[in-house]
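Open the model in your viewer and keep the selection tool at hand. The stops below say what to select and what to look for there.

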Amino acid sequence: MFHINFYKPKNNILAKYIEGYYFISENKDVKNTVYWTYPNNFVVLTCNKNIDVKIDDHKIYIQTSGFHNILTSIVPKYTKPIQINYKELVDEVTIYFKPLGINHFTSNTSQLFSKNINVDFNLFPDFEDKMNEVFHLSLEEKIIVLEDYLLSKLQKRDFHLLEDIIASIENNIPIQEIADYHRISRQYLNRIFKKKVGKSISEYRKIHRFRESIAQYKNSKNFTELSHDNYYDQAHFTRIFKELTEIKPNTFFKNVETENKNIWLFI
């Protein structure tokens, strides 16, 4: 099993829109690395160097290719676990954009949100050239060049309405109450949310509660207490948890290092 360091943006402006990023370096001695990654509300962009990739349902297979390429994929949403399979470790940069964050870097969200997994997605015309440069740098240089580049692409937009809506959703305010407060219809609320966030309000809320339960696990005495704030009862908690992870909560917490930023299950 290999270890990943997840880096928070050093720049305070970027930190408003990006949760963080990590790097993987090519290592042909590390074979057959496989892990499950679980639903979150980030938009996850991954750029790899010299790879072949195959997608089979909720499984992604990655291996080195015999030719030079820079391949970027983006995952705006997933509601089931995704299994990542590396035949050997490859050069990689992965960026986690916060909800709404990607909208401050591109206005082409209709294409971005059109699929759950977009392969060979070019975020900017010069993105592949810049990532090729990043892959040849030291770790500290990678962080500096990556953040400078992202800052150069930042286009601040006004999403105060949607930011307020997200805050209300995360505080368990009923959808109709949110719509009434902002004097918009429930249908319009759902439409603008999905257009800019890439998933429905119900999907977002379900995943947010799931992630909150993971964060609160270490401070809870048992699953009954853990399910108290966000679920009707423990049975409801277990059903939703299994829906998003495809395993029972006790199996999940026994095998996943939940204090890590990346919630992965290595197999």
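Predicted model: local features only at pLDDT ≥ 70, side-chain atom pairs only at ≥ 80, totals over all residues.

**Stop 1**

Residues are numbered from 1 along each chain as its sequence is written, and side-chain values use heavy atoms, leaving out hydrogens and water.

**Stop 2: aromatic pairs**

Rings of Phe, Tyr and Trp (its six-membered ring) pair if their centres lie within 6.5 Å; planes under 30 degrees apart count as stacked, over 60 as edge-to-face and the rest as tilted. How many aromatic pairs are there by this rule? The count is 27.

Select Tyr7 and Phe23, one of these pairs, which is tilted: the centres are 6.1 Å apart and the planes stand at 45°. Tyr7 belongs to the segment before E1 and Phe23 to strand E1, 16 residues apart, and the pair links these distant parts of the chain. Strands (E, at least two residues) and helices (H or I, at least four) are DSSP runs, numbered from the N terminus. Tyr7 is partly exposed at 22% relative accessibility, whereas Phe23 is buried at 12%.

Now go back to Phe42 and Tyr96: their ring centres are 5.8 Å apart and their planes are at 70°, so this pair is edge-to-face. Phe42 is in the loop between strand E2 (27-37) and strand E3 (43-49), and Tyr96 is in strand E8 (residues 92-97), so the pair links parts of the chain 54 residues apart.

Next, select the cluster that ring pairs build from Tyr38, Phe210, Tyr217, Phe223, Tyr231, Phe237, Phe241, Phe252 and Phe253.

**Stop 3: a charge over a ring**

Select Lys153 and Phe124. The charged end of Lys153 sits over the ring of Phe124, 5.3 Å from the ring centre. For this, NZ of Lys or CZ of Arg must be within 6 Å of the ring centre and within 35 degrees of the ring normal.

**Stop 4: salt bridges**

A salt bridge is a side-chain nitrogen of Lys or Arg within 4 Å of a carboxyl oxygen of Asp or Glu. The structure has seven of them.

Select Lys8 and Glu19, whose side chains form a salt bridge at 2.6 Å, N to O. Lys8 lies in the segment before strand E1 (18-24) and Glu19 in strand E1, so the pair ties together parts 11 residues apart in sequence.

Move to Glu133 and Lys130, where the closest N and O atoms of the salt bridge are 3.1 Å apart. Both residues lie in helix H2 (residues 127-134), three residues apart, about one turn of the helix. Glu133 is partly exposed at 35%, and Lys130 is partly exposed at 21%.

**Stop 5: a loop residue**

Select Asn69, in the loop between strand E5 (59-64) and strand E6 (70-75). Asn69 is buried, with 16% relative accessibility. Which residues does Asn69 touch, not counting those up to four places away in sequence? They are Asn48, Lys49, Asn50 and Ile51, where contact means heavy atoms within 4.5 Å. The Asn69 side chain also reaches the backbone nitrogen of Ile51 at 2.9 Å.

How values were computed
Buried < 20%, exposed > 50% of the residue type's maximum accessible area, 1.4 Å probe, protein only. Polar contact = N/O pair within 3.5 Å; in protein donor to acceptor, adjacent residues only side chain to side chain.
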